[in-house]
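Trainee: I have a new structure to go through. Can we take it step by step?
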Amino acid sequence: MITMQTFFDVMSDYLHRPIAVRAPREGMITKAAEAASGEIQDLRLTEVYWPLVLDRMQSLLSEQFPLAAVSLDCVPAHARMKALLHVMDETDGGEKLREEFPELARLDRVVRTGFESLISESLSLAEERRAEISRQFFAGRDFGRITAIRLPWRKFQQTRTRPGGRMTLCIETEGGTFYYKPHSAKPDQVYSRLTGRFFPELHVGNRTVDCGSASFAEAVPKLPLSCEAECATYYTRMGLLAALYYVLGGQDLHSENIIPYGAVPVAIDVEVLLGHQMPGSALEPVIEMAPADRAGVFTPLYATGDDEYSINKEDANGHLPVLHGRKVTVEGFEEAFIAGFADGFRRMRENAGEILSLLKGAADTPIRIGIRRLQMYPVIFAGMLQPDRLRSVAARDAWLEKAWELIPEKWRASYRELERDDLLLLDIPGFHICIGDGTIRHTEGRGSFPETLPVPLDCVKARLPLLTEECLDTCIRTLRANLTAVPGGSKP
């Protein structure tokens with residue numbers, strides 16, 4: 001069987017070139033780490049080259065295997081491998097492809113220069129904040145040399161980069177591990193203050209070092225549960241977390257954003273801690289963590305049913321707590337989850353004044369938003385990487401114009417201005433509003449929308465008075481219905 005990992009390994013052999021690491025001081029990063037970090041760059045390059053390589057492979061194989069034009073999965077593994085090697089050899093490791101397709105050559109340069117800038121930025125910031133990182137994450141011990149830079153755990157899928165080719169990196173050092181994040185840590189700090197004051201059961205510190213447009217975060221290890229009783233405790237606390245997000249109107253509590261730290265579910269990537277939807281006369285009983293229809297939703301309460309492995313061989317269901325080697329879902333602990341939700345709901349109501357005061361003090365905290373559905377960007381990128389658009393700038397631009405056709409005309413020019421530069425670099429455009437301000441701003445300061453959204457702080461103010469017992473009863477009925485509707489094969 002040929003896996004995506006195998007394809008990546010072959011493509012990497014042809015496309016790899018050492019990156020030009022610019023460390024602020026000699027010896028900060030080991031030679032082995034410097035060499036291995038290039039694997040991330042190779043993964044990005046593989047994604048760029050793959051549509052062209054796939055097209056050539058299908059042409060080679062279609063006569064002998066007619067279904068190759070539909071999917072390479074219909075072709076024997078040995079034939080696929082032979083075709084892949086033939087394409088890469090025939091094109092001199094991609095050199096002839098770059099000559100034939102000018103956009104491919106440009107994107108090759110974009111990926112390489114962007115990644116080198118990312119590594120250089122992360123190293124410079126780590127050195128600049130070395131003392132603070134050592135104090136916050138390692139009890140004052142200097143973290144020493146960097147021994148590895150890699151992607152955090154995720155299934156083998158498209159990498160996602162923010163403006164400037166920036167992405168989250170796992171940084172391993174002689175003193176321990178921490179994370180580089182391509183965004184401010186202020187939302188994490190607000191979350192830490194909220195849990196420290198109102199939900200101590202969820203508070204594990206969430207230590208961060210904020211650097212403005214980037215930050216560093218402490219690595220939270222996955223720890224197993226110690227006994228059967230802790231299973232119920234864990235899901236009670238998941239209920240608390242669901243209530244906290246429900247009251248604030250927050251989102252993005254999917255499975256990859258939860259780390260099981262013993263009996264504590266630790267939320268990471270809390271950039272959407274608050275929402276910007278003004279409620280009506282009553283709160284809708286929509287609890288993101290436990291939706292009625294879980295098709296395509298990676299809720300942290302259940303296994304995904306997907307046995308694939310990530311590039312570094314971690315289990316796709318690694319977000320679930322583990323007891324004696326067995327992954328534990330919410331099944332059998334639904335009432336514990338509901339009890340936790342009810343407790344959290346009431347705590348938020350009882351402490352409404354203090355919560356608002358805390359949020360007012362964090363009015364400049366950025367809240368990530370999307371000006372279109374996040375799933376649209378991979379579609380746009382996939383279109384940009386088709387052979388005719390890699391050959392012709394005019395064809396590429398015509399495709400990009402389609403990305404703005406569905407935008408109302410009065411906003412179309414603004415969308416185009418704010419998104420275009422990012423899309424040309426295969427970066428997902430980044431936008432935010434602040435807790436105390438509804439103006440939509442580009443994360444790199446390239447502009448803002450004249451139209452404003454509801455201010456998140458005002459939305460929370462409007463939601464808190466609606467936390468009635470009647471609302472809680474409705475939420476509980478909804479949770480019982482949703483948690484009972486377990487899709488087939490959800491158990492790991």
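Mentor: Start with a definition: buried means under 20% relative accessible area, exposed over 50%, and partly exposed in between, using a 1.4 Å probe and protein chains only. This is a predicted model, where local features need pLDDT of at least 70 and side-chain atom pairs count only at pLDDT 80 or more, while totals for chains, interfaces and linings use all residues. Residues are numbered from 1 along each chain as its sequence is written, and side-chain values use heavy atoms, leaving out hydrogens and water.

Trainee: Ok, is Cys74 buried, exposed or partly exposed?
Mentor: Cys74 is partly exposed, at a relative accessible area of 40%. Cys475 counts as buried, with 0% relative accessibility.

Trainee: What about the sulfur of Cys475, which cysteine sulfur is closest?
Mentor: That of Cys471, at 4.3 Å, which is too far for a bond.

Trainee: Switching to helices. At what angle do helix 1 and helix 2 cross?
Mentor: The axes of helix 1 (residues 4-15) and helix 2 (residues 31-61) cross at roughly 100 degrees and come within 9 Å. Helices here are DSSP runs of H or I with at least four residues, strands are E runs of at least two, and both are numbered from the N terminus. Axes are lines fitted to C-alpha atoms, for helices over the stretch in contact, and angles run from 0 to 180 degrees between N-to-C directions.

Trainee: And the sheet, what is its strand order?
Mentor: The order is 1-2-3-5-4, in an open sheet of five strands with antiparallel pairing. Two strands pair if DSSP finds at least two bridges between them.

Note on methods: Disulfide = S-S within 2.5 Å.
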